[in-house]
Amino acid sequence: MQWRGWRAGFLSPHREFDEWDRWDIETPTLVIVDYVSARAKYLGKAIACLAERSPLFDVPVRFLLLERAAEESDQWFKDFLGAGRTAIGASQYRAPHSLRNLDDDALWSSITHVVRTRGANEALEAVELDRAAVMNRIDLSGQEHRRPLFAAFAAEAIAEGGPDRIRNWDSTELVRSILERELDSWGRGGITEDHINLFILATITGRLQRSKAYQLADETTEVDLPVKRKFNESWYQTLSGFAGPDSHGLLQPMQPDILGECLVLERLGGRLFRGTNRDVVREDTRRLVELAGAVAPKETSSFITRCAQDFPLHHELAALTSRPDNGSDYWVLSVVELAGFAHKDAFELVSGLVDRLAVDAKTPRLRRALGLALYGRGIRLAARGDPQGAIEDYARALSIEGVPSALRIDIQIDRGLRHHDLGRYDRAIADFGAAIDNPDVSSQRRTLGKVHRGISFGFAGNHEEAMRDFTDVIDSPGTGTVEMAKAHMGRAASHLHIGAPQKAMEDFAAAIDVSDTASAERAEAHQKRGLAYRLGGQHREAVRDITIALDAAALREADVIIAHLERGKSNAELGADGEAIRDFTLVLELPKVSVDQRIDALSNRLASYQSCGDNENVIADATMLLEMGETPNELRTLALGARGSAHGRLGRHERAMEDFTSIIGDSLTSTIDRVRAMFTRAIAYSNLGQHENAIADLSAVIASRDIAPNRRIDALGMRGEGQRRLGMNELAIADFTTVIDMHEASVEQATTAHGSRGTLYGKLGQHGKAIDDFTAIINMPMGTIEQKVKARVARAVDHLALGEHQHAIDDCTTAINTPDAQGTQVAEAHNNRAVAFMQLNDHQKVIEDCTTVIGMPDSSVDQRVKALINRGVTYGLVRDYGKALGDFTTVLELPDIDGGLKAMARINRANAFQELGDPSSAAKEFAIVAESPDTPPDLRQIALRAIEGLG
């Protein structure tokens, strides 16, 4: 294929090209290789050869290698690197890339397309409601590996036989349905069992030469195969129709390979045959497996491994992997491969095979194979979350005499990793050291060992040795980019631990620079540097780096969780609470979050909700924390306090009290947390009017030795206010005085205390003392404009009480003329000044001040009512009774007016009616006042006397 100047195509799976050292390349070339594990060593040698020749090339050459998995621990990957590890590593163009799995919606789109193309819409609609369950059953690889091939098979089955055909199927049933259709076509074509046997043999071996097939047919008597003169070309082309035409003298296997795997497994169980005996088919298939193993042991073992991967729960898998009587090499190879590659659901079966191999391992060759098998099983055990089991298998493998040095090195490195996982850093360091010091260790494995030993040194707190290992790796000229990045990151971590943040940042930057743009190492470096920035208080830089790491979509899931947690915390520090909440929410939605991480995300999201004032979500998160049995007691206290405060802000004071009472009653609660809870519970008591309970809590807070001075001052002020409400005036004045006399009191606290005491002095008739308190507020150098204006308005009232009209007028005028004074305070100043003018009989100024208040948009209803009544009274004094009636009537038409104000307005309107010569209307007004249950007693007496006077 030609595309944009490049030549691209698949490397033939059926013929090995052996002239890589003489290949003349004139055009940019892309070679695509599928099923790499089946010829890993061959490809490794080919690419190593080309890598050595690359300086001679004038155009680029790329190899795209396709395989189900590419882990450093996979045996095929090690075979691929082989002796050319350095050359191959240096020529690597991109790090291994794992394709994202298709989600159910994408797979369902594929199924929908196929079924509708076949015109089976009704069958599609019938199964659509069960689609998620169907996908789970037909593809046992799990949610993380949805395979399009199974979706295509499902679509064919739905189109062919309707939804009932697959509702209760699994992957075996699905593939079997495809094979049954093929078998029907083979029967109609008259194909004989000997040709099917040959087809199965080619499928197991993967690449069977025709000449070899004819030789086997002539030599084998245990199973029927077509000899050369009876071979039917047409029949074989029908059998291998999926694989395309024959080439290079090879008999094609059944493809896709999953069909061939299922065919062999089913026939081992005596199924999928025509015109012969079930037991014969079963026995023939068993012999074909053994024959394939004798002809092509490695290819046969790879076939068996794929069967275990694709059909891990198939009931004939045990028969396929059973040990032949002659202990053939293919079985030994299969055990070794299966130990490293088997699907997790086939692990118990494979583990039993390894144990059987251990029984047979009497010769040096079998003992070496056992070492490989134990190594592979150890890797699987570690992946299953059993590092101790892995260590035990590694120890058995290392104890085997004659284990190759390269394998010994690999085992020691892997065992070191498992010891590290278990926190046994000294043992991990010893294993890595043994691998490093092995005289046969390759430079790449020595580098890998030093990287991991450095990490273990760091975890053990020996940062000097850690940095020595990391520096050796960094300074080594042959270090690959992956190990170089890890070494820089490891050294950066050690720099942070010893207090050298600048050097740490330099190493993080170096790790980022050396890593491939899309690599996991680069993403991890950005994430770790972001964490370092956060710990150093550089939150914008932290958010930037962690965002780069997350956007790369290359982090491990465990690191994704940490990244969102750390970015969320930095966003919260920056005040970006919405972004922080999104990060913490993402953490909570990820499937593999630990309990500690869940608690961390919930508590931090709760704090962000508090910052946003989102009380309902504060309550929800606090409740989740409280319902988790693993939440530490200090966080439970925090959650109860946060929830109680949120309930209080929403007016749910009884619920708030319940939460604070829970804190106070918990024997594990610290004294300081108990005191804080008493303080906040006192607020809830006050809001519910339970001032005695509030005073009791506040008294306990004031008496505590563990309370901060500013909180004690707040408690004194609050207690004084509660005592004032209960008429305990002397005690209230004493608390306010204590606050005023405390040098620790803030301006706000002192101002509040002076204001509260001054107001109380005024109500007690001690106007001189009240004036002194308000004067103290006015003269306070750090007081706010609002506090000073409010004090002047309040002081004017006390001046009026003492008959000091001009002082009252001066205070009100100053308040009115103060820039930035609040509208409600200005309105109150106008009303108070109007009272002063009224007492001085300056009627015009009374009317002016009252009219100003009535026209102010931000004056309160009470202030407007007061102004209307005072203006109406003044209109009466100047004998303008019509306007007076208008003001009193306006008051009475206002909704939700206090009964005393209404009574006052009616009495004054009655007086106006009398002055206008309308005693009847006046009598009606007095009667309403006298009969209303909302009328205060003193005003009711005025109305009754007026009624008597009217006779």
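Predicted model: local features only at pLDDT ≥ 70, side-chain atom pairs only at ≥ 80, totals over all residues.
Student: How many helices and strands are in the secondary structure of the chain?
Tutor: There are 48 helices and 6 strands.

Student: And what order do the strands of the open sheet have?
Tutor: The sheet has 4 strands in the order β1-β2-β3-β4, and the pairing is mixed.

Student: Which strands stand at the edges?
Tutor: β1 (2-3) and β4 (61-65) do. Each has a single partner strand, so one side of each has no neighbour in the sheet.

Student: In what sense do β2 and β3 pair, parallel or antiparallel?
Tutor: Parallel, over 4 bridges; β2 covers residues 6-10 and β3 covers residues 29-33. Within that pair, G9 stands opposite V31 in β3.

Student: What holds paired strands together in general?
Tutor: Strands of a sheet pair through backbone hydrogen bonds.

Student: New topic. What is the radius of gyration of the chain?
Tutor: The chain has 45 Å, whereas a compact globule of 951 residues would have a value near 30 Å.

Student: What box do the C-alpha atoms fill?
Tutor: Roughly 145 × 70 × 60 Å, taken along the principal axes.

Student: What share of the residues is buried?
Tutor: Buried residues make up 48% of the 951. As for the surface, the chain exposes about 45,300 Å², and carbon and sulfur atoms supply 50% of that area.

Student: What about charges, how many are positive and how many negative?
Tutor: The chain has 111 positive and 139 negative charges, and the mean positions of the two sets are 3 Å apart.

Definitions and conventions: Residues numbered from 1 in each chain as written. Heavy atoms only, no water. Helix = DSSP H or I, 4+ residues; strand = E, 2+ residues; numbered from the N terminus. Rg over C-alpha atoms; globule rule 2.2 N^0.38 Å. Buried < 20%, exposed > 50% of the residue type's maximum accessible area, 1.4 Å probe, protein only. Areas by Shrake-Rupley, 256 points an atom, 1.4 Å probe, with all protein chains shown as cover. Lys, Arg positive; Asp, Glu negative; His and termini not counted. Charge placed at Lys NZ, Arg CZ, Asp CG, Glu CD. Pairing = 2+ DSSP bridges.
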